[in-house]
Amino acid sequence: MAHDLFKTPVAVRFKDIDAMGHVNNAVYATYFEEARAAFSQQVFGLTRVDDFDFVVARLEIDYRRPLHYGEPLTASLWIGRVGQRSFTFEYRLEVEGDTVAEGRSVQVFYDYAAGAPKAVPEGFMGKAAPYVAQEAR
């Protein structure tokens, strides 16, 4: 599984806390989205919404422990699999090395004009390669 991890800090906001005193389960999807957006901007150079040519088709989250307001959260991201029309992001959310949650999302490349999935674009692997798990190459 030799690959680089893309890491980015994520703010745990006051509004993320639910009546139970910890981050609401639905907010974790937003934390993954923030990591995905940062990765897409920094690695793929996507800076505008219409630059994105992939959509999220599936999202899985495994919760490991409650997350609280003010904890220093870091999101790690890498690519676990690349198919003919899709790829998988793998995520880990950590507070000072302690895993809070793990997850996976499947992104499908999409041709908006045709209204249909499309093949992985040329150049994708060149930019993504450092972050692709060895078994996915």
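Ring pairs join Phe6, Phe32, Phe39, Phe44, Phe52, Phe54, Phe87, Phe89, Tyr91, Phe109, Phe124 and Tyr131 into a cluster; rings of Phe, Tyr and Trp (its six-membered ring) are taken to pair if their centres lie within 6.5 Å, with planes under 30 degrees apart counted as stacked, over 60 as edge-to-face and the rest as tilted. The structure is a predicted model, in which local features need pLDDT of at least 70, side-chain atom pairs count only at pLDDT 80 or more, and totals for chains, interfaces and linings use all residues. Residues are numbered from 1 along each chain as its sequence is written, and side-chain values use heavy atoms, with hydrogens and water left out.

The mean pLDDT (the predictor's confidence in each residue, from 0 to 100) of the chain is 94, and 96% of its residues reach 70 or more. Helices (H or I, at least four residues) and strands (E, at least two) are DSSP runs, numbered from the N terminus.

In the whole structure, 19 aromatic pairs are found. The ring centres of Phe54 and Phe87 are 5.3 Å apart and the planes stand at 80°, so this pair is edge-to-face. Because Phe54 belongs to strand S2 and Phe87 to strand S4, the pair ties together parts that are 33 residues apart in sequence. Both Phe54 and Phe87 are buried, where buried denotes under 20% relative accessible area, exposed over 50% and partly exposed in between (1.4 Å probe, protein chains only).

Strand S4 (residues 86-95) is mostly covered, with 10 of its 10 residues buried. Ser86, Thr88, Glu90, Arg92 and Glu94 point one way from S4, whereas Phe87, Phe89, Tyr91, Leu93 and Val95 point the other way. Two strands pair if DSSP finds at least two bridges between them. S4 pairs in the antiparallel sense with strand S3 (residues 73-82) over nine bridges, and Leu73 has Val95 of S4 as its bridge partner. The hairpin of S3 and S4 has three residues between the strands. S4 and S5 are likewise antiparallel, over 10 bridges, and Thr88 is bridged to Val106 in S5. Two residues separate S4 and S5 in their hairpin, and Glu96 in the turn has a positive phi of about 50°.

The buried residues of helix H1 include Tyr31, Phe32, Ala35 and Phe39. Strands S1 (6-10), S2 (54-63), S3, S4 and S5 are among what covers the buried residues of H1.

How values were computed
Contact = heavy atoms within 4.5 Å.
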